[in-house]
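Subject: Structure for you to look at

Hello,

Here is the structure I promised to pass on. Please open it beside this email and follow along.

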Amino acid sequence: TTPPTSTTLLGDWYANILFARPEQLILCVSERTLLPVVVTARHARSLGVRLAQSLREVLIRLGLPSSHVDAEQTKMTPVAFGPTRNRRVLGTINEFLFQLSWYFHDHPTAPLVDASLWLSRTPCKPINHESPDRLTVSLFADVDRSGASAQ
């Protein structure tokens with residue numbers, strides 16, 4: 001069956017594994033803004049919960065209001081898994097995985113949130129050479145300007 005359409009502002013999330021560091025990692029990327037979030041690969045059943053928790057930390061560090069962060073995190077449940085439907089995101093994930101392997105080579109003990117934020121500053125061709133961090137902040141700011149609630 002086809003998974004339901006995402007109700008979050010950041011849209012569907014895509015993921016791939018990175019064999020690095022002393023443990024395997026999963027790189028998750030938002031379909032809408034290409035925002036990357038890196039989480040550990042252990043305990044696959046809790047991936048949705050851990051992604052939401054790690055996303056929360058990334059969004060707070062990007063300076064987003066906690067009300068927006070809370071709304072986004074709440075809408076991330078329940079979680080549904082399905083096949084990848086967006087090649088644009090797949091290409092970005094492959095590029096990000098390459099960059100992350102070098103990042104962790106140079107910063108082997110870096111916190112995962114720092115790696116996520118470092119990667120989020122990368123200009124990406126599929127989003128008109130904007131960086132995912134800036135596009136994400138702009139997306140949430142547009143919610144404020146439109147007078148709509150982030151919830």
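This is a predicted model: local features need pLDDT of at least 70, side-chain atom pairs count only at pLDDT 80 or more; totals for chains, interfaces and linings use all residues.

Start with the helix pair. Two packed helices are described by the angle between their axes and the distance between the axes. Helix 1 covers residues 47–61, and helix 4 covers residues 112–120. Their axes come within 10 Å and cross at roughly 55°. Helix 1 and helix 4 are therefore oblique to each other. Their crossing is right-handed. Which residues meet there? Helix 1 brings Glu57, Val58 and Arg61, while helix 4 brings Val113, Asp114, Ser116 and Leu117. By class, this contact has 3 nonpolar, 1 polar and 3 charged residues.

Next, find Thr136. It sits in helix 5, which spans residues 132–145. Is Thr136 buried or exposed? Its relative accessible area is 0%, so Thr136 is buried, the cut-off being under 20%. Its side chain reaches the backbone oxygen of Pro132 at 2.7 Å. Leaving aside residues up to four places away in sequence, Thr136 touches Leu10, Thr33, Leu35, Leu59, Leu62 and Leu64.

Most residues other than glycine have a negative phi. Asn128 is not a glycine, yet its phi is positive, about 55°. His129 is not a glycine either, and its phi is positive at about 60°. Asn128 counts as exposed, because its relative accessibility is 72%. His129 also counts as exposed, at 55%.

Best wishes

Note on methods
Residues are numbered from 1 along each chain as its sequence is written. Side-chain values use heavy atoms; hydrogens and water are left out. Axes are lines fitted to C-alpha atoms, for helices over the stretch in contact, and angles run from 0 to 180 degrees between N-to-C directions. Helices (H or I, at least four residues) and strands (E, at least two) are DSSP runs, numbered from the N terminus. Angles under 35 degrees count as roughly parallel, over 145 as roughly antiparallel, 65 to 115 as roughly perpendicular and the rest as oblique. A crossing is left-handed if the near helix is turned anticlockwise from the far one by less than a right angle, and right-handed if clockwise. Contact means heavy atoms within 4.5 Å. Ala, Val, Leu, Ile, Met, Phe, Trp, Tyr, Cys and Pro count as nonpolar, Asp, Glu, Lys and Arg as charged, and the others, Gly among them, as polar. Buried means under 20% relative accessible area, exposed over 50%, partly exposed in between (1.4 Å probe, protein chains only). A polar contact is a pair of N or O atoms within 3.5 Å; within protein, one must be able to donate a hydrogen and the other to accept it, and residues adjacent in sequence count only if both atoms are side-chain atoms.
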